[in-house]
Amino acid sequence: MKNWKYSVSSADAAPATAPLLLMGTIEENLIKAGRMGYDALEVHTREDADLDIEAIKKAMQESGVKLSSIVTGRLNTEGHCDLISDEPYITKSAVEGMKKYVDLASALDTDLILGWVRGKVPAGGSRKKYMARLARNLKEIDSYAGEKHVRILIEVINRYEINTFNTAEELMTFLEEHDLPNCYAHLDAFHMAIDEEDPYAAIQRCGSRLGYFHLADNSRKYPGTGQFDFARLLGALEKAGYDGYLSVECLPWPNNEEAAERALAYMKKVESGSNQ
Ligand code: LER
Ligand code: MN
């Protein structure tokens, strides 16, 4: 069995409905994640956040915890930018914002998650036209990220949140049709439980293009609370040759710390084959 690397989601602050666990500054969360036994921290932040890069690097060194990724969702939820809009100033700001995130990721030696920033095809709109626009804007970000050795991890998200890339098949077809060498597939077990007929086959479909993985059970509580077969999931990831992070992104239930601790404890049990 592989020695999996685990990461945990974090933010400066978030509502209890968000699947984010460690709350506080990045420096504080790096130390907390290390004490809990995590290898890495996943960070939700804005592209122009006033961060002390040197202090973060120091906390990384002291804790031995790396950054698994920076999440770009706030450029959409707070900044109202996306890469598919009919308004050119919106897509332009989205590309500029993503480039700022690339600079930040490059300074902290990590990758970027791209989720809601891609945007939605408007009702009745030509899918072909909007997906071509998304591909053009992504190309500019992809090239910039390539120069800075940052990977763009495009998350497959369920149909109730967005109408682009709801399945691994849809994302992989898009990645195969367009020249986006720095873009990788990012799967999330919770979204897969909604939209993938066969989550294990979805992992195989991504194969060597799988760049990141979010862990939660089917209800989005921590792994081990629901229906997912995590032993089979780890087997599928290993078979696909995946050696990236398994990042816990689940609801803060029964509370933030316990969810983070129980998730890691359960996954270690699954790895050792003693979870039954
Ligand atoms: C983000 O990683 C995600 O999975 C979305 O559902 C937004 O929360
Ligand atoms: Mn996710």
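Here are some worked exercises on the structure above.

The model is predicted, so local features need pLDDT of at least 70 and side-chain atom pairs count only at pLDDT 80 or more, while totals for chains, interfaces and linings use all residues. Residues are numbered from 1 along each chain as its sequence is written, chains are lettered from A and ligands numbered from 1 in the order in which they are written, and side-chain values use heavy atoms, with hydrogens and water left out.

**Exercise 1. The metal site**

Find which residues coordinate the manganese ion (ligand 2), and describe the site.

Solution. 
- Start with the donors, which are N, O and S atoms within 2.8 Å of the metal (3.2 Å for Na, K and Ca); water is not among the atoms, so sites may look incomplete.
- Glu-155 (OE), Asp-188 (OD), His-214 (ND1) and Glu-249 (OE) coordinate the ion at 2.0 to 2.3 Å.
- For six octahedral donors the ideal angles are 90 or 180 degrees.
- Along the chain, the donors follow the spacing E-x32-D-x25-H-x34-E.
- Glu-155 in strand 6 (residues 152-155) and Glu-249 in the loop between strand 9 (245-248) and helix 10 (256-272) are 94 residues apart, and this pair links distant parts of the chain. Helices (H or I, at least four residues) and strands (E, at least two) are DSSP runs, numbered from the N terminus.
- Finally, check burial (buried means under 20% relative accessible area, exposed over 50%, partly exposed in between, with a 1.4 Å probe and protein chains only). Glu-155 is buried at 6%, and Glu-249 is buried at 7%.

**Exercise 2. Two helix pairs**

Work out how helix 6 packs on helix 8, and how helix 9 packs on helix 10.

Solution. 
- Two packed helices are described by the angle between their axes and the distance between the axes. Axes are lines fitted to C-alpha atoms, for helices over the stretch in contact, and angles run from 0 to 180 degrees between N-to-C directions.
- For helix 6 (residues 168-177) and helix 8 (residues 199-206), the angle is about 10° and the axes are 9 Å apart. Helix 6 is therefore roughly parallel to helix 8. The classes are: under 35 degrees roughly parallel, over 145 roughly antiparallel, 65 to 115 roughly perpendicular, and the rest oblique.
- In this contact (heavy atoms within 4.5 Å), Ala-168, Glu-169, Met-172, Thr-173 and Glu-176 of helix 6 meet Ala-202, Arg-205 and Cys-206 of helix 8.
- Helix 9 and helix 10 pack at about 70°, with axes 9 Å apart, so they are roughly perpendicular.
- Phe-230, Ala-231 and Leu-234 of helix 9 make the contact with Tyr-266, Met-267, Val-270 and Glu-271 of helix 10.

**Exercise 3. Buried or exposed?**

Decide whether His-191, Tyr-242 and Glu-54 are buried or exposed.

Solution. 
- His-191 sits in helix 7 (residues 189-195) and is buried at 3%. - Tyr-242 lies in the loop between helix 9 (230-239) and strand 9, and is buried at 3%. Among the residues that Tyr-242 touches, not counting those up to four places away in sequence, are Lys-2, Trp-4 and Phe-213.
- Glu-54, in helix 2 (residues 53-63), is exposed at 54%.
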